[in-house]
Amino acid sequence: MKVYKFGGASVNSAERVSNVATILERFPDEELVIVISAMGKTTNALEKVVHAYYDHKKEEALQLFDEIKRQHITTAKYLLVTHYLACEARLKDFFTEVEWMMHDQPVREFDYYYDQVVSIGELLSTCIVSAYLSERGISNEWIDVRDIFRTDDNFRDANINWNYTQQQIDARIRPILQSKKWIVTQGFVGATDENESTTLGREGSDYSAALFANMLNATSLTIWKDVESVMSADPKKIPDAVPIHELSYNEVIEMAYYGAQVIHPKTIKPLQNKNIPLYVKCFLDADLPGTVIRDRMSKGLPPIIVIKENQVMMELKTKDFSFVGDAHAYQLYQWFNEHSLRPTLTQNGAISLIFAFDNWEEKIGRFSSAAAEVFDVHITPGLTLTTIRHYNQTALDRYIGNKEILVRQQTQKNIRVLHR
């Protein structure tokens, strides 16, 4: 069997949903688990809802959510006839989950509410896609992945309970596949043992698909995207990025570690553990070769550029000018774990340490308050972290040459620069 994952851009309109069905009809004899993200910009729209709600702007939050409801109902009406009423009923159940919660004042941390609201996006999209496949005569079963993926309560970056999840896949997913039905389910989402929704980190749908592939011993995972293949850079930022048709697991892990958005950082390991190849294909033209990622050395690669914007630099200096030692490092990484923060760059000095982070204001605020007990803390927001892997002089001149550099790190293969 195989796992297919379709991103939000592939289902951001009725026409795109129809295109997904057309792609799937090319593979009538495959056993498929189909993982689908939220439609288009739905996740961003839901983030605005939860921010308004958490800021005690309930009416604004409900108005923003009404627009999301309207968009999904309109898409369902456009696509469905015989399956519309059943789809509408399921959509309304999901709408009620959010609206019921928003009638109370927030009393828990922001990340909890974020997951309860934002997770709905995947449930809405898969409900519509599953109904549309049925409308076209494609036998499938919709599954709420929250019944399958058990996680801890580390909201917004939850960790999978592998044993429980494997048991659920064996008990609930395999029998459906054996009955020759395709499965349509969500990426990005899980649930705690208290039935509270969780998310697996931004872009976590790829990771969800990799978990299914691993636990089902799939022959491959295919991620369908709006680019022709894995590219040497984000083509939205660097228009002349070039396609890369073959990559090793290790190369992609390096790219993901440095922040390349094409593959989620956690996606590769479940595939590598069972030597499952990953294909990146273009849903706009399924005949393009795409990229295959597998256990084979990559050769002759172009410079690979990763640009992470909206970075925050935190400089920590010991208050008594003592050397930074193992005890300091141990304490800092304990705080990272406690506050669910991962630095995007680290730099050690004699009496100071520098970290860069994605701009998670609330988490950074809590972390800096803890660190201020031991260090003098200085924070610089609004920075960009540029990484060039397999750099050459042309790439250095083009992407780094005229920047105001705050931190520079360079090895034989990589250069990383934190700059304004």
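Analyst: Gladly! Let's start with pairing: two strands pair if DSSP finds at least two bridges between them. Please keep in mind that this is a predicted model.

User: What makes strand S7 and strand S11 a pair?

Analyst: Strand S7 (residues 220-225) and strand S11 (residues 278-282) are joined in the parallel sense over five bridges. The definition asks for at least two bridges, so S7 and S11 count as paired.

User: Where do S7 and S11 sit in their sheet?

Analyst: They follow one another in an open sheet of eight strands, ordered S3-S4-S2-S1-S7-S11-S12-S10, and the pairing there is mixed. Strand S3 (140-142) and strand S10 (246-248) are the edge strands, each pairing on one side only. On average, neighbouring strands of this sheet are turned by 20° against each other, direction ignored. Helix H8 (residues 205-215) lies across S1, S2, S4 and S7, and runs at about 170° to S1.

User: There is also a six-stranded sheet. Why are S14 and S17 called its edges?

Analyst: The order in that open sheet is S14-S15-S13-S16-S18-S17, with antiparallel pairing. Strand S14 (345-348) and strand S17 (405-410) each have a single partner strand, so one side of each is left without a neighbour in the sheet. Further in, strand S13 (residues 304-318) and strand S15 (residues 352-358) pair over seven bridges in the antiparallel sense; Leu316 has Leu353 of S15 as its bridge partner.

User: How do you know that the radius of gyration agrees with a compact globule?

Analyst: For 420 residues, a compact globule would have a value near 22 Å; the protein chain has 22 Å, so the two agree. The C-alpha trace spans about 70 × 55 × 40 Å along its principal axes.

User: And what makes a set of residues a nonpolar core?

Analyst: The members are buried nonpolar residues joined through side-chain atoms within 4.5 Å. The largest such core has 104 residues, and Val3, Val33, Ile173, Phe212 and Ile293 have the most contacts inside it. Helix H6 (residues 120-135) supplies its largest share, nine residues. A second, separate core has 16 residues, including Val312, Leu332, Phe336 and Phe375.

User: Which residues does Val33 touch, leaving aside neighbours within four places in sequence?

Analyst: Among them are Met1, Val3, Ile173, Leu177, Phe212 and Leu216.

How values were computed:
Residues are numbered from 1 along each chain as its sequence is written. This is a predicted model: local features need pLDDT of at least 70, side-chain atom pairs count only at pLDDT 80 or more; totals for chains, interfaces and linings use all residues. Side-chain values use heavy atoms; hydrogens and water are left out. Buried means under 20% relative accessible area, exposed over 50%, partly exposed in between (1.4 Å probe, protein chains only). Helices (H or I, at least four residues) and strands (E, at least two) are DSSP runs, numbered from the N terminus. Contact means heavy atoms within 4.5 Å. The radius of gyration is taken over C-alpha atoms; the globule rule is 2.2 Å times the number of residues to the power 0.38. Axes are lines fitted to C-alpha atoms, for helices over the stretch in contact, and angles run from 0 to 180 degrees between N-to-C directions.
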